Amino acid sequence: LLPGATDASGRPATLGVMGGGQLGRMFVQAAQAMGYATAVLDPDADSPAGLISHHHIRSAYDDTEGLARLAALSDAITTEFENVPAPALAALAAQRPVAPGAACVAIAQDRAAEKAHFMRCAADGSGVRPAPYAAIDTPEQLAAVADDLLPGILKTARLGYDGKGQARVKDRAELAAAWDRLGRVPCVLEKLMPLRAECSVIVARGANGDCVSFPVQKNTHHDGILAVTEVHEGAIEPALARRAQAATIAIAQQLGYVGVLCVEYFLVDDGQGGLDLVVNEMAPRPHNSGHYTQNACDVSQFEAQVRAVAGLPLRPPVQHSPAIMLNLLGDLWFAPGREAAVTPPWDALLALPGTHLHLYGKASARPGRKMGHLNITGPTVAAVRDTATKALALLG
Ligand code: ADP
Ligand code: MG
């Protein structure tokens, strides 16, 4: 699908997206920059992507009429969040190319299916193993959990994000209580791993099988939410980074995945003074940890998604600057001791060298809400670190 093309009725080449959050917004911006028209389906009148898209279909994600309109408007369709109902993607796919496909999204929606896929990749030698785990759907499976999975983390198989839907458990009593609290829904119990650091890898794969990898991102979370991503020399040991990239490409290839995929990894103690890789989870879409690509790479993760979805060539991304990304959460709008929301000090932040502000156009700030991010680039790692230190001081 070439940008700027029109069909027989004069309709411009249009990319559709399920979901209107910030990831959809940045996809829409990348698509529009390349000359595509865009259509967003999201029930929220103020959705960040809907606000700037050529078309905004305000309907539920499983609404037959809304889906039919999205298909009629779009030449190809993607998704910006993994909890799109898989049947909705399947219905769209009957009319238009949809990337990633419903089957891949269904696997990413379910931690047990996701881990089973990681195990298959590890078994054939192309992947990296997940933490030891057990799927818990029934009281019998709960009772049969192996002792060496404790202490562990109980996670709901579906709908968890930003550390929600999880409980740390020390012993069997805590495990049973946590499963009760989570509503006895299907869960996965994972062994608690000795994390030294966390990283993630973004790849883009086209329908022709071409698959390219972005550099490996080192991630720091606060309260279960991504806070900082660093991508520069010295952040991750090169041999581990290469393994993570190869494993991520294998995960995408074995799914026949089309689009942008992010896979998260843990760096754990290997028991011999070194570090080993453990695969955690995947997101069938661009990812918060990949936002630095907007300013530090010659192609952003969103442009890569446009290229993959539209069937345009994918070239290996080149990072041209060390980068640090700081997430801007709604908490910043609430200065200590004040009732009303205040505007953060953008002027002082933008006066620092190498800062690039990205705000998502959300009308109201709430603590914990992702409002935007600050990408920091510069000539050297030291320069980028220095700016990050100053930015963090301004942000308080
Ligand atoms: P979410 O969908 O909320 O991102 P994750 O599975 O990524 O869920 O877990 C959130 C965070 O909890 C991880 O980034 C990591 O810091 C920590 N965590 C998750 N699983 C484990 C584990 N098995 N061992 C140690 N820490 C873990
Ligand atoms: Mg995670």
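Which elements cover the buried residues of helix α2? The cover includes strands β1 (14-18), β2 (37-41), β3 (55-57) and β4 (76-79), together with helix α3 (86-93), where cover is judged by contact, meaning heavy atoms within 4.5 Å. Within α2 itself, which spans residues 64-73, the buried positions are G66, L67, L70, A71 and L73. Buried denotes under 20% relative accessible area, exposed over 50%, and partly exposed the range in between (1.4 Å probe, protein chains only). Helices (H or I, at least four residues) and strands (E, at least two) are DSSP runs numbered from the N terminus.

The structure is a predicted model, in which local features need pLDDT of at least 70 and side-chain atom pairs count only at pLDDT 80 or more, while totals for chains, interfaces and linings use all residues. Residues are numbered from 1 along each chain as its sequence is written, chains are lettered from A and ligands numbered from 1 in the order in which they are written, and side-chain values use heavy atoms, with hydrogens and water left out.

The interior was examined next. A nonpolar core is a set of buried Ala, Val, Leu, Ile, Met, Phe, Trp, Tyr and Cys residues joined through side-chain atoms within 4.5 Å. The largest such core comprises 28 residues, and I236, I251, L261, Y265, L277 and M282 have the most contacts inside it. Two or more residues of this core are given by each of α4 (102-108), α5 (111-123), β9 (195-205), α8 (238-255), β13 (259-269) and β14 (275-283). Helix α8 contributes the largest share, 7 residues. I236 touches C199, V216, K218, A241 and L267, when residues up to four places away in sequence are not counted. A second, separate core has 21 residues, among them A30, F302, V309 and A310.

Ligand 1 is surrounded by 19 residues, of which K155, G163, Q166, E198 and N280 are the closest; a residue is near a molecule if one of its heavy atoms lies within 4 Å of it. At least two residues of this shell are supplied by each of β6 (152-156), β8 (187-191), β9, β13 and β14. By class, the shell divides into 6 nonpolar, 5 polar and 8 charged residues. In this division Ala, Val, Leu, Ile, Met, Phe, Trp, Tyr, Cys and Pro count as nonpolar, Asp, Glu, Lys and Arg as charged, and the others, Gly among them, as polar.

Q217 belongs to strand β11 (residues 217-222) and is buried, with a relative accessible area of 0%. The side chain of Q217 makes polar contacts with the side chains of S200, at 2.7 Å, and S289, at 3.2 Å. Beyond four places in sequence, Q217 touches residues including E198, C199, T229, E230, G290 and Y292. D223, in the loop between β11 and β12, has a positive phi near 50 degrees although this residue is not a glycine. D223 counts as exposed, at 79% relative accessibility. I225, in strand β12 (residues 225-231), is by contrast buried, with a relative accessible area of 9%. I225 touches D162, T220, L329, G368 and K370, leaving aside residues up to four places away in sequence.

Further backbone features occur in loops. The peptide bond from A99 to P100 is cis, with omega near 0 degrees, and P100 lies in the loop between α3 and α4. A cis peptide bond also leads from L150 to P151, with omega near -5 degrees; P151 is found in the loop between α6 (139-143) and β6. L159, which is not a glycine, has a positive phi of about 70 degrees. L159 lies in the loop between β6 and β7 (166-169) and is exposed, with a relative accessible area of 60%.

Terms used
Polar contact = N/O pair within 3.5 Å; in protein donor to acceptor, adjacent residues only side chain to side chain.
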